[in-house]
Amino acid sequence: MTFIQTIILGLVQGLTEFIPVSSSAHLVLVPFFLGWKIPITEAFIFDVLIQIATLTAVMSYFLQDVVRILRAMWIGVISKKVFYSQDAKIGWLLIVATIPAGITGLLIKPLVKSAFDSPMAVGIFLLITAVLLLLAELLGSRRRSFDNLTLKDAIWMGMLQALAIFPGVSRSGATITAGMLGGLDRQSAARFSFLMSIPIMLAAGLMSLVDLVKSAVDFQQLAAIGVGCITAAIVGYLSIRWLLRYLVNRSLFIFSIYCAIVGGITIISMLFLG
């Protein structure tokens, strides 16, 4: 991979990991439409490290929240009052929300790997993301705030997070949709969605790192990949901040339209150009 390729893909990852348009879809489609033939080993190394880069972004943005939640959970456990505070409750809800995606990832991820090699499949899943975002806006009541999160919200958002194993289904889009359909306002659904991403990205990153250590790493490529990862981390941080501000008084319609257009173009391209 060249420096230009890793920077472009880092920008794409940073922008699309948290904005609800599917980063996995863009990491498949950008090389496809640009005609890049990236060696499998280099792509694997890049995918592992780029996950860590975006995890760094979300951890940096929510660091105070994470520390406060972990501290509250610990105090709750040692005092035998696990839900003694709002922060403690949020922590346990995050654990509950992580379970469906974790189980799904372990059970069916090997079965959907082929979808990552299929732009047609990515296009179809992008259309699904477009529909999810549209439903969130049309059917969500948006009456409840972050402080009113419930166990039902965590389970529902966790179940839809599991759909993001398919490239083209936006993780943030699916979980924000679930939250809004449950009655959360846009910003509260997005905030919990981002916090939900931390444990699942951490687990995925650690598992991938184990595989990376076992593989033969070409250290000459690490410099170029490192630049792309730094780019992804910076852009990811800025994307989180931008989206949370955007959703205060703006809808998800623009992202639904974008996913529909990109998905449609991809499907048409595959049908007529092969």
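This note goes through a predicted model point by point, from the whole chain down to single residues.

1. Basis of the note. The model is predicted, and local features are described where pLDDT is at least 70, side-chain atom pairs count only at pLDDT 80 or more, and totals for chains, interfaces and linings use all residues. Residues are numbered from 1 along each chain as its sequence is written, and side-chain values use heavy atoms, with hydrogens and water left out.

2. Secondary structure. The protein chain has eleven helices and zero strands, where helices (H or I, at least four residues) and strands (E, at least two) are DSSP runs numbered from the N terminus. Read from the N terminus on, the order of elements is therefore α-α-α-α-α-α-α-α-α-α-α.

3. Overall dimensions. Along its principal axes, the C-alpha trace spans about 55 × 40 × 35 Å.

4. The accessible surface comes to about 13,400 Å², of which 70% belongs to carbon and sulfur atoms, as computed by the Shrake-Rupley method with a 1.4 Å probe. With contact defined as heavy atoms within 4.5 Å, 82% of the contacts between residues at least 6 apart in sequence join residues at least 24 apart.

5. Charges. The protein chain carries 19 positive and 12 negative charges, whose mean positions are 10 Å apart. In this count Lys and Arg are positive and Asp and Glu negative, while His and the chain ends are not counted; the place of a charge is NZ of Lys, CZ of Arg, CG of Asp or CD of Glu.

6. Aromatic pairs. Rings of Phe, Tyr and Trp (its six-membered ring) pair if their centres lie within 6.5 Å, and planes under 30 degrees apart count as stacked, over 60 as edge-to-face and the rest as tilted; by this rule there are nine aromatic pairs. The ring centres of Phe32 and Phe33 are 5.1 Å apart with the planes at 70 degrees, so this pair is edge-to-face. Phe32 is partly exposed at 36% relative accessible area, and Phe33 is also partly exposed, at 43%. Tyr246 and Phe255 form another edge-to-face pair, 5.6 Å centre to centre and with 65 degrees between the planes, but here both residues are buried. Ring pairs also link Phe18, Tyr61, Phe62, Phe194 and Tyr237 into a cluster.

7. Helix H8 and Ser172. Is H8 enclosed or open? Ten of its eleven residues are buried, so H8 is largely enclosed by the rest of the structure. Among the buried residues are Arg171, Gly173, Thr175 and Met180. Ser172 is found in this helix, which covers residues 171-181, and has a relative accessible area of 0%. Leaving aside neighbours within four places in sequence, Ser172 is in contact with Glu17, Phe18, Ile19, Pro20, Ser193 and Phe194; of these, Phe18 and Phe194 belong to the aromatic cluster.

8. Either side of H8. Leu163 lies in the loop between helix H7 (151-161) and H8, and is partly exposed at 36% relative accessibility. Leu163 and Thr175 are twelve residues apart in sequence and 9.3 Å apart in space, C-alpha to C-alpha. H8 is followed by Gly183, whose phi is positive, near 110 degrees.

9. Helix H2 and His26. His26 is placed in helix H2 (residues 23-34) and counts as buried at 9% relative accessibility. Apart from neighbours within four places in sequence, its contacts are Val12, Thr16, Val21, Pro31 and Tyr258.

10. Ser22 has a positive phi of about 75 degrees although it is not a glycine; it sits in the loop between helix H1 (3-16) and H2 and is buried at 2% relative accessibility. Arg142, likewise not a glycine, has a positive phi of about 55 degrees. Arg142 lies in the loop between helix H6 (119-139) and H7, where it counts as partly exposed at 30% relative accessibility.

Methods. Buried means under 20% relative accessible area, exposed over 50%, partly exposed in between (1.4 Å probe, protein chains only).
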